Every structure is written in C-alpha cells, then in structure tokens.
Amino acid sequence: MKKFLLSLLILVIFGLSLFYFWPKIKTIFILKIPEIKNLSQKIEEITKIPEVIKKEKREILPPPLKIIKEEKPEAILTQRGIIEWTNKQREKYNLPPLKENSLLDKSASAKVKDMFQNQYFAHYSISGEGVSDLAKKFGYDFLLIGENLAMGNFPSDEDLVLAWMESPGHRANILNEKYQEIGVAVEKGIFEGKEVWIAVQHFGLPSSFCPKPDFSLKEKIEENKEEIFEIQKELLILESEIKVLKRWRREEISQKIDHYNELVSKYNNLAEETKRLVDQYNSQVNLFNNCLSQISK
C-alpha cells in the first residue's frame with residue numbers, strides 16, 4: 001500500500017512538473033521555421049522591363065536643285081541671309097523659327113567644299129558619305145535630319161530660298177514642323193568649268209528632344225536582382241540546415257532562425273526598392289518610346 005501511494009505521489013509530482021515546464025520543453029521539440037511567401041513571384045514582378053525602341057535616324061533628302069542661267073557676278077549670297085529668309089517662310093505658316101546650330105553649320109560647310117573639290121552635286125559623296133555621316137562626324141546627335149542642296153546663279157538669298165520653296169521636296173524640308181535647328185553654308189566656286197554658287201541647308205531635330213531613360217537605373221535594377229537571387233539561395237540553405245539540426249541544439253537553431261528572419265526582411269526591402277526603381281525606369285522608357293513614335297509618324 002505504501003509503495004502504491006509513493007508511486008502515485010511521484011506520478012502526481014511528475015505530472016505537475018511536466019505541466020509547469022511544458023512551455024519551455026515545447027520550444028525544444030516544436031520549432032516553427034518562418035515562411036517566406038511568394039519569393040519567386042516577387043522576382044518575376046520586378047523584372048518586367050520594357051525594351052527601349054532602337055532610335056531610327058531618319059533622313060529627308062529631296063532631289064538637288066540646279067538652276068544655272070546667266071552668270072551674275074554682282075550677286076552675293078550669305079549664310080545669315082539664307083537662314084533669315086528660311087525663317088520668314090516658316091513664319092508665314094505659323095511655324096517656329098529654326099535655331100542656328102554651329103555643328104550643322106560645319107557639316108553643311110564640309111558638304112559644300114567636298115562637292116566643289118570632287119565635282120559632284122548629290123546628297124551622297126563619291127565615297128558614299130551622306131548628311132547623317134557628316135552630322136555624326138561633327139558630333140551632332142539627332143533623331144531627324146534633312147538636307148537641301150542648290151546650285152546656280154541666284155540674284156539674292158531671298159531668290160535662292162524662293163527657288164527651294166517652289167520645289168515640293170525642298171519646301172517640305174523648310175516647312176517641316178518637326179525640325180528645330182538649322183545649319184547653312186554657301187560658297188562660290190568652279191563647277192564643270194562654270195563659276196556658280198552652291199548652297200547647303202542641314203535641318204535637324206536633336207536627340208535631346210526625346211528625354212532618354214536613365215540607364216543607371218537599369219544597372220541598379222540588375223544589381224539588385226543579383227543580390228536578391230543570392231539572398232534567396234542563402235535562405236534555402238538556412239532553411240535546410242534548420243530542419244536537420246538536432247532539437248536539443250536550441251541555441252544554434254535560434255541563431256539560425258534569427259539570421260533567417262533578418263535575411264527575409266532584407267530580401268523583402270530590396271524587392272520593394274527594386275520594384276520602385278522598375279516603375280520609375282518603365283515610366284521613362286515608355287515616355288521615350290512614345291516620343292520616338294510621334295516623330296516617326
């Protein structure tokens with residue numbers, strides 16, 4: 001009887017002890033590993049970046065205008081006068097004046113000199129060089145470019161511009177609402193044995209017209225994506241390590257879980273930051289692409 005009572009007392013004490021210490025004991029045997037939800041989905045969400053439309057550099061090249069009548073040695077044609085009369089024609093049609101660009105002046109001058117030197121009168125040189133090549137050579141970056149050529153004995157700057165206006169292709173260049181800048185060169189020289197004037201107009205729409213996306217944003221996005229993938233790999237390794245650790249190694253498990261949670265927080269913050277960068281970059285790309293689409297119409 002005494003043994004029974006003693007056994008019962010021990011059992012009661014053990015039960016009370018187990019009840020009292022169970023919360024602490026439970027933490028040793030029951031460990032919940034934190035979950036990271038939608039990691040792969042977040043990765044996919046932040047990588048939706050539109051492509052930047054490749055800039056097509058358009059040229060507008062009407063057939064060269066050649067009007068050679070009797071020589072007028074008293075005629076003096078000037079760069080300034082041609083620009084002035086060109087803008088007067090634009091003003092008649094409520095178009096903004098073209099701003100003179102020194103780089104386009106240089107490309108136009110190079111064209112005049114090359115035509116006299118190599119005795120040709122065309123938009124493309126003997127070596128195949130055109131207005132786009134000249135613009136690039138002198139550092140003029142453009143979205144749209146055009147060229148008017150004229151050869152003859154024109155009495156004045158006004159007469160030269162009026163002759164261009166009577167030619168549909170040259171007129172279209174002068175009145176093109178998309179152009180913003182102009183460069184002009186005019187010289188007298190010997191062409192095929194005759195003394196004549198050659199005039200060149202270079203029209204341009206600079207590339208700055210369409211605001212380019214900030215490509216440093218894209219570089220930062222790519223850096224973040226690489227870091228996110230590295231964190232994700234580290235999380236998977238930690239998760240597998242936690243699962244195989246012996247349950248009584250509570251301190252080590254707790255340390256790994258704390259590190260795991262820190263990485264989860266870092267991952268999520270980086271994903272949110274990257275999404276904001278993507279939204280910003282996408283907005284810039286769409287604005288740039290829409291601008292180019294309007295120009296190409």
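**Close-up 1. Strands β5 and β6 run side by side in opposite directions.** In this predicted model, strand β5 (residues 181–191) is joined to β6 by eleven bridges, and the two strands run antiparallel. To find your place along the pair, look for G183, which stands opposite H202 in β6. Then follow the chain to the turn of this hairpin, where two residues sit between the strands.

Close-up 2. Is strand β6 largely enclosed or left open by the rest of the structure? Strand β6 covers residues 194–206, and eleven of its 13 residues are buried, so the strand is largely enclosed by the rest of the structure.

Close-up 3. Side chains of opposite charge can pair when their charged atoms come close. In the pair shown here, the closest N and O atoms of E84 and K88 are 3.4 Å apart. Both residues belong to helix α3 (residues 79–92), where they lie four residues apart, about one turn of the helix. How accessible are they? E84 has 42% relative accessibility, so it counts as partly exposed. K88 is partly exposed too, with a relative accessible area of 32%.

**Close-up 4. In helix α8, K225 meets E222.** The side chains of K225 and E222 form a salt bridge, at 3.7 Å from N to O. Why are these two about one helical turn from each other? They are three residues apart in helix α8 (residues 215–244), and therefore about one turn of the helix separates them. Which of the two is buried? K225 is buried, with a relative accessible area of 16%, because buried means under 20%. E222, at 32% relative accessibility, counts as partly exposed.

Close-up 5. E230 and K233 are three residues apart in helix α8, about one turn of the helix. E230 is partly exposed, with a relative accessible area of 46%, and K233 counts as partly exposed at 47% relative accessibility.

Notes: Residues numbered from 1 in each chain as written. Predicted model: local features only at pLDDT ≥ 70, side-chain atom pairs only at ≥ 80, totals over all residues. Heavy atoms only, no water. Buried < 20%, exposed > 50% of the residue type's maximum accessible area, 1.4 Å probe, protein only. Pairing = 2+ DSSP bridges. Salt bridge = Lys/Arg side-chain N within 4 Å of Asp/Glu carboxyl O.
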